[in-house]
Amino acid sequence: MTDAASEEVADQVEISCQACGSTLLLDSNLRTTVCPYCASPSVIERPPSANRPAPSFVVGFVVDHDRAAEAVRSWISSTSIFARSDFKQAAPELTRGVYLPAYLYGAVADSNYSARIGENYTETETYTTTDSKGNTVTRTRTVTKTEYRSLSGDHSTYIVDVVVTASAGVTNEALEAIEPFDLRALRRYEPSFISGWLAEDPSRSKDDCFQLSHDESVAKVEQMLHDFMPGDSHSGLQFETRLSQEVIDLVLLPVWSFAVRYAEDRPPVQILVNGQTGRVGGKVPISAIKVTIAVLIGVAIVGGFALAIASSH
Amino acid sequence: MTTAIQNCERCESPLETGDLRCSICGQASPADRPHAETLTIQILRCKGCGAATAYDIEHQAPSCTFCDSVVEVETVDDPMEQSEGYLPFTTGQDEARKAMRHWLSSLGWFRPSDLTTSARLEQLKPLWWVGWVFDAESEVSWAADSNAGSRRSAWAPHSGQVNMTFDDILVSASRGLSQSEVSAIGPGCDLGSIRDQPEGAQNATIEQFDLQRSQARQQIIAAIQNIAAARVEQNEIPGTSFRKTSVSVVLRKLITRRISLPAWVLAYRYKGRLYRMVISGQDASYVTGTAPYSIAKIIFVALCAVVAFLAFFAVVAAR
């Protein structure tokens, strides 16, 4: 199954343009194409399969090409001082604006949890000290102490709006970097929505995507449980979550994808721009030389300081 | 008017026209468009001029580059809330007037003695205010600190889970009436008597919802959480004092009705100042409002207290 699927992805399909009749070769993971001869936009619809369900929803592009390129330029120039200089000077190349396949996941999460809940209380204690005249005196002060009580229980909640990548070309971390998408602007999928744009079909298996969704859901539950705990503080939170009544829908998200080629010998860096909000995300290549210099300067300062203290003694 | 089209398959809350997903659990609403059974390639053509259409950023929709017409697509619909029905006025102006006099005379000794006789009614207006009435089932998980089982600290943690049903719970959407006014007169309404048209009063002010559906749902869910937390504190958590109560509510079958409820809004003048009263339009015994205090009486009581206090000290000191 997986072999057949990956072969199919690598394959190309031959279609004929419905406007001028010319034959087009198309990567089989794409849902759209534009005829190079007559510029007609075509939308390809395949029968849905387990790993390639039909899209339910689509979020339309809001940010246009110029704004996206501008956002990437200002993002690159504002990256950390440890970024490679050639990266900061590189010009981003636009690959394409693409409708990225992603899954919108929801479930009911039932969790058992246990934690140590810290409840504060104050105590008055006496202590001895020396006053300004050098006499030993006894004084009292109130101190805040914490008593720990164990608490265990059940927690149920809906998990909604978990978004995970369904494209092998974009990791979930890369997608998370440009989230959130405003899901209030969700549209029911219509082929006309992606016409004229690049749109991918899912290239990750549904099992993979379920796993990603589960991980994100458990992380959400953990955050909720931290907010849920009573007491002045808590520690040692342990929980086990069971997800049931799951729903998963394929949604196409608008993404501008840029490649930054900053050195001949390095692979280009992928930078994504949220096509709805303009948020930029990507991995910044760190300059080993800059980091080394910074470390050396740090060591020199500490060393000089230590030396100064040693010589003053 | 927004209408429920069908129930969500998962949590059985009604979906309304324009909902792409259930607002409670996030389940997608069923689409009417069948999916392709075989590989199809299509060029989507403009219905106006026949040219190929493509999604256009400027229009936020597929549009034709030649004739600039926009293709209609199904989007999340977020209309303004509209009232679905009116509770009729069953009390008249005279009853409202009577209720005012009665209320003013029942306020107690600290009010001016001539309040009932000198208060002059300036305005008496019928008002239909807006609110949501909802029913729902839910599973509520809770955790809280309470004094029960406490040791050195005054607080001990507790947790639990409970099924809760909500029946005809009224949540105010009114801008004209304050929250405390609504909670005072709300219980006087008979929610079973909803009519299609305003009935029982002339020249009434009819308040409109000024919220969109999505905001309304947020307000309702926030209200449900507050009610759940209050009920948990009342019935579930052991002990008598509580803090840090958190609830997590899994809702099912949330059914919301948007209704207009009747109230008499009165303004009366006492010694040059205006005071306001609100009376339920269905049961004149539900009354709330503001009224002056008698400064003279309060000073008198305070002086008496001081005198009594001094006398007590004098007696104690003399012994």
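**Entry 1: helix α7 of chain A**

I began with α7(A). None of its 25 residues is buried: the number is 0, so the helix lies largely in the open. I note here that the model is predicted. Next I checked the length of α7(A), residues 288-312. At 1.5 Å a residue, it should span 36 Å. I found its end C-alpha atoms 36 Å apart, which agrees.

**Entry 2: where chain A meets chain B**

I looked up the contact between the two chains. On chain A, 57 residues are in contact with 49 residues of chain B. Which element gives the largest share of the side of chain A that touches chain B? I found β7(A), with 11 residues. I then listed elements of chain A that each supply at least two residues to this side; among them are β4 (41-45), β6 (92-130), α6 (206-228) and β10 (233-260).

**Entry 3: chain B as a whole**

I turned to chain B. Its secondary structure comes to 5 helices and 12 strands. I looked at its radius of gyration, which is 29 Å. A compact globule of 319 residues would have a value near 20 Å. The C-alpha trace of chain B spans about 105 × 60 × 40 Å along its principal axes. What percentage of the residues in chain B is buried? I read 34% of the 319 residues. I also looked at contacts within chain B between residues at least 6 apart in sequence: 66% of them join residues at least 24 apart.

**Entry 4: the nonpolar core**

I looked for the largest nonpolar core and found 125 residues in it. Which members touch the most other members? They are A:V273, B:A263 and B:I279. The largest share of this core is 13 residues, from strand β10 (residues 242-270) of chain B. As general background, nonpolar side chains tend to be buried together in soluble globular proteins.

**Entry 5: the hairpin of β1(A) and β2(A)**

I went back to chain A for a hairpin. Strand β1 (residues 12-16) and strand β2 (residues 23-27) of chain A pair in the antiparallel sense, over 5 bridges. A:S16 stands opposite A:T23 in β2(A). I counted 6 residues between the strands. In this hairpin A:G21 takes a positive phi, near 85 degrees.

I checked a peptide bond in chain A. The bond from A:E179 to A:P180 is cis, with omega near 5 degrees. I placed A:P180 in the loop between α4 (172-178) and β8 of chain A.

A:Q245 has phi near 50 degrees. I found A:Q245 in strand β10 of chain A. Is A:Q245 partly exposed or buried? It has 14 C-beta neighbours inside 10 Å, so it counts as partly exposed.

B:K271 also has a positive phi, near 50 degrees. Where does B:K271 lie? I placed it in the loop between β10 and β11 (273-280) of chain B. I found 11 C-beta neighbours inside 10 Å, so B:K271 counts as exposed.

Note on methods
Residues are numbered from 1 along each chain as its sequence is written. Chains are lettered from A and ligands numbered from 1 in the order in which they are written. This is a predicted model: local features need pLDDT of at least 70, side-chain atom pairs count only at pLDDT 80 or more; totals for chains, interfaces and linings use all residues. Two residues are in contact if their C-beta atoms, placed from the backbone, lie within 7 Å. Helices (H or I, at least four residues) and strands (E, at least two) are DSSP runs, numbered from the N terminus. The expected span of a helix is 1.5 Å times one less than its number of residues. A residue is buried if 20 or more other C-beta atoms lie within 10 Å of its own, exposed if 12 or fewer, and partly exposed in between; C-beta atoms are placed from the backbone. The radius of gyration is taken over C-alpha atoms; the globule rule is 2.2 Å times the number of residues to the power 0.38. A nonpolar core is a set of buried Ala, Val, Leu, Ile, Met, Phe, Trp, Tyr and Cys residues joined through C-beta atoms within 7 Å. Two strands pair if DSSP finds at least two bridges between them.
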